[in-house]
Amino acid sequence: MKEKILVSACLLGKNCKYDGTNNYNKKIEEYLKDYDVILVCPEEMGGLSTPRIPSEIKGDKVIGKNGIDVTAEYKKGAQAVLDIVNKYGIKKAILKSRSPSCGKDMVYDGTFSHKLIKGNGITAKLLIENKVEVISSDNIV
């Protein structure tokens with residue numbers, strides 16, 4: 001039986017990115033051939049629409065470019081992802097780099113100027129706290 005792995009749905013072609021497109025990555029698809037893949041989009045799982053206003057982490061909140069606080073939706077989506085992890089005993093996840101939800105190690109700084117700062121997205125942070133190995137999509141080569 002193949003090991004289950006959690007993957008940001010946008011990385012495998014699901015049009016769930018904030019602008020209604022995806023971040024399809026052939027290298028990630030090839031990397032996953034030996035896994036049982038479970039796709040997630042924490043933003044959609046938290047109740048946000050696609051497309052949606054871009055958001056970034058500012059302090060301990062997630063704020064849309066329009067100034068609206070969407071932290072609750074991001075936390076709800078992160079919890080829904082953690083529920084899947086716990087249900088299936090998932091130990092590893094590949095998440096979209098720099099995302100306010102899925103980013104690992106680096107996220108945008110909340111100014112919408114493409115400036116990166118050290119930190120993890122809401123879902124990545126929750127998974128790491130729960131002993132899931134989180135791999136940034138940038139680290140699959």
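This is a predicted model, and I begin with its aromatic residues. The structure holds one aromatic pair, formed by Tyr31 and Tyr35. A pair of aromatic rings is described by the distance of the centres and the angle of the planes. Here the centres are 5.9 Å apart and the planes are at 20° to each other; stacking requires planes under 30 degrees apart, so the pair of Tyr31 and Tyr35 counts as stacked. As for accessibility, Tyr31 is partly exposed, with a relative accessible area of 33%, whereas Tyr35 is buried, at 16%.

I turn now to helix packing. Helix α3, residues 71-88, packs on helix α4, residues 122-129, at an angle of about 40°, and the axes are 9 Å apart. That angle makes α3 oblique to α4. Their crossing is right-handed. On the α3 side the contact is made by Tyr74, Lys75, Ala78, Gln79, Val81, Leu82 and Val85, and on the α4 side by Ile122, Thr123, Leu126 and Leu127. Of these contact residues, eight are nonpolar, two polar and one charged.

Finally, the backbone. Most residues other than glycine have a negative phi, and most peptide bonds are trans. Where is the cis peptide bond? It joins Thr50 and Pro51, with omega about -5°, and Pro51 lies in the loop between α2 and β3. His114, not a glycine, has a positive phi of about 70°; it sits in the loop between β6 and β7 and is exposed, at 66% relative accessible area. Lys131 also has a positive phi of about 70°. Lys131 is located in the loop between α4 and β8 and is exposed, at 72%.

Conventions: Residues numbered from 1 in each chain as written. Predicted model: local features only at pLDDT ≥ 70, side-chain atom pairs only at ≥ 80, totals over all residues. Heavy atoms only, no water. Axes fitted to C-alpha atoms, helices over the stretch in contact; angles between N-to-C directions. Helix = DSSP H or I, 4+ residues; strand = E, 2+ residues; numbered from the N terminus. Parallel < 35°, antiparallel > 145°, perpendicular 65-115°, else oblique. Left-handed = near helix turned anticlockwise from the far one by under 90°. Contact = heavy atoms within 4.5 Å. Nonpolar A, V, L, I, M, F, W, Y, C, P; charged D, E, K, R; others polar. Phe/Tyr/Trp six-rings, centres within 6.5 Å; stacked < 30°, edge-to-face > 60°. Buried < 20%, exposed > 50% of the residue type's maximum accessible area, 1.4 Å probe, protein only.
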